[in-house]
Amino acid sequence: METFDPAELPELLKLYYRRLFPYAQYYRWLNYGGVIKNYFQHREFSFTLKDDIYIRYQSFNNQSDLEKEMQKMNPYKIDIGAVYSHRPNQHNTVKLGAFQAQEKELVFDIDMTDYDDVRRCCSSADICSKCWTLMTMAIRIIDRALKEDFGFKHRLWVYSGRRGVHCWVCDESVRKLSSAVRSGIVEYLSLVKGGQDVKKKVHLSEKIHPFVRKSINIINKYFEEYALVNQDILGNKESCDKILALAPETIHDELQRVFQNHHSSLQRWEHLKKVAKSLNNIKSDKYGPWLEWEIMLQYCFPRLDINVSKGINHLLKSPFSVHPKTGRISVPIDLQKVDQFDPFTVPTISSICHELDAISTTEEEKGENKAESIIKHRTRDYKKTSLAPYVKVFEQFLENLDKSRKGELLRKSDLQKDF
């Protein structure tokens, strides 16, 4: 991937918003079929401009209005907020207390920095292929639960553009959920608890909930290669001490001996499992595979930013926004290909703008006249760049939303006929 130069960003953004941003699909998503009056018009957008100038409570009448404003402002970052009781751009004219957030997608934000205590390859904003597996596991675990345990159908997963992933659950019933219900859902999906000072962050009870078992099954598929080989979580004394701190003191001595006699993470882990199993036979100590699972969960289970999910008025970075530090586009992730998703091959704003320039030059060389060229550009230039497959993933998501909406309308009209 070519290097991105932040100094070029203002010029690149102009081109991106003028010719590459998928406005039609974007509007189709947030308008939700135009079924609810003023749904799009009451939605809050917030723009971050050059030099961190932050503008909240933007709202637009229609797609053309949104396009014009984005091309005028060229935002460095776009955030999407709630659907309010009134138009957000008129919130100052509304009687105090009357302007209320009413609906929003249920959103999840998973950020790699929250795993800094358990990854050895990188820290803070840095990521690499060795730790990206954490995001792969997070998507698999959370998505399975949203689909199977809660029955949510319309889940859009998006790469943040730097070090994390976001999920937008867009079912109609979900958008109406109260803050309390959202908190309950996030609580259900959270197992790793405690701040920096808490060493042991996962505590399993004797009765293992099916959600935990199913999450363990997913982690199992990745654990050996991710944790034991790539992260080498038992590779040196410091790493072994971290894991010792998660085990009951009664087996510390035995584990120390194991760690001295075996030197690879793979061998040490196999013997740790045997020692943990022996606990099962001691009195009422019900550790069994519990200890092994607690360690696996602490090192691999998704860590959600609870506040992002529970607040209806909480803003979240928009799909197809550009990350101003990396230049990468926040692209939708194909759930059929989660394991193949590679953040380092995601198109950057410079790469797609250069692809577009190359095509424009070719068209000029072919001698196309200006009018022909303009008509062609309206048939969406992103299709000629490496952004195209990601827009296709987004379109597939929108297709399913449309089908679902039409099905619901048919069901309602059938019910009315029955009366």
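This note walks through the nonpolar cores, the cysteines and the salt bridges of the structure.

1. Ground rules. This is a predicted model, in which local features need pLDDT of at least 70 and side-chain atom pairs count only at pLDDT 80 or more, while totals for chains, interfaces and linings use all residues. Residues are numbered from 1 along each chain as its sequence is written, and side-chain values use heavy atoms, with hydrogens and water left out.

2. The main core. A nonpolar core is a set of buried Ala, Val, Leu, Ile, Met, Phe, Trp, Tyr and Cys residues joined through side-chain atoms within 4.5 Å. Buried means under 20% relative accessible area, exposed means over 50%, and partly exposed lies in between (1.4 Å probe, protein chains only). The largest core has 126 residues. Tyr16, Trp29, Phe45, Phe108 and Ile349 touch the most other members. Helix H4 (residues 129–149) gives the most to this core, with 11 residues. Helices (H or I, at least four residues) and strands (E, at least two) are DSSP runs, numbered from the N terminus.

3. Contact means heavy atoms within 4.5 Å. Setting aside residues up to four places away in sequence, Phe108 touches Leu146, Val165, Ile185 and Leu316, among others.

4. Cysteines. A disulfide is a pair of cysteine sulfur atoms within 2.5 Å. The count here is zero. Cys300 is in no disulfide either; the nearest cysteine sulfur, in Cys121, is 12 Å away. Both Cys122, at 14% relative accessible area, and Cys300, at 0%, are buried.

5. Salt bridges. The structure holds 25 of them. Each is a side-chain nitrogen of Lys or Arg within 4 Å of a carboxyl oxygen of Asp or Glu. Glu105 and Arg43 meet at 2.8 Å, N to O. Glu105 lies in the loop between strands E4 and E5 and Arg43 in strand E1, so the pair ties together parts 62 residues apart in sequence. Glu105 and Arg43 are buried.

6. Longer links. Arg303 pairs with Asp117 at 2.7 Å, N to O. These two are 186 residues apart. Arg303 is buried, at 8%, whereas Asp117 is partly exposed, at 26%. Arg140 forms a salt bridge with Asp339, at 3.4 Å. That pair is 199 residues apart.

7. A network. Arg28, Glu399, Asp402 and Arg405 are linked by salt bridges.
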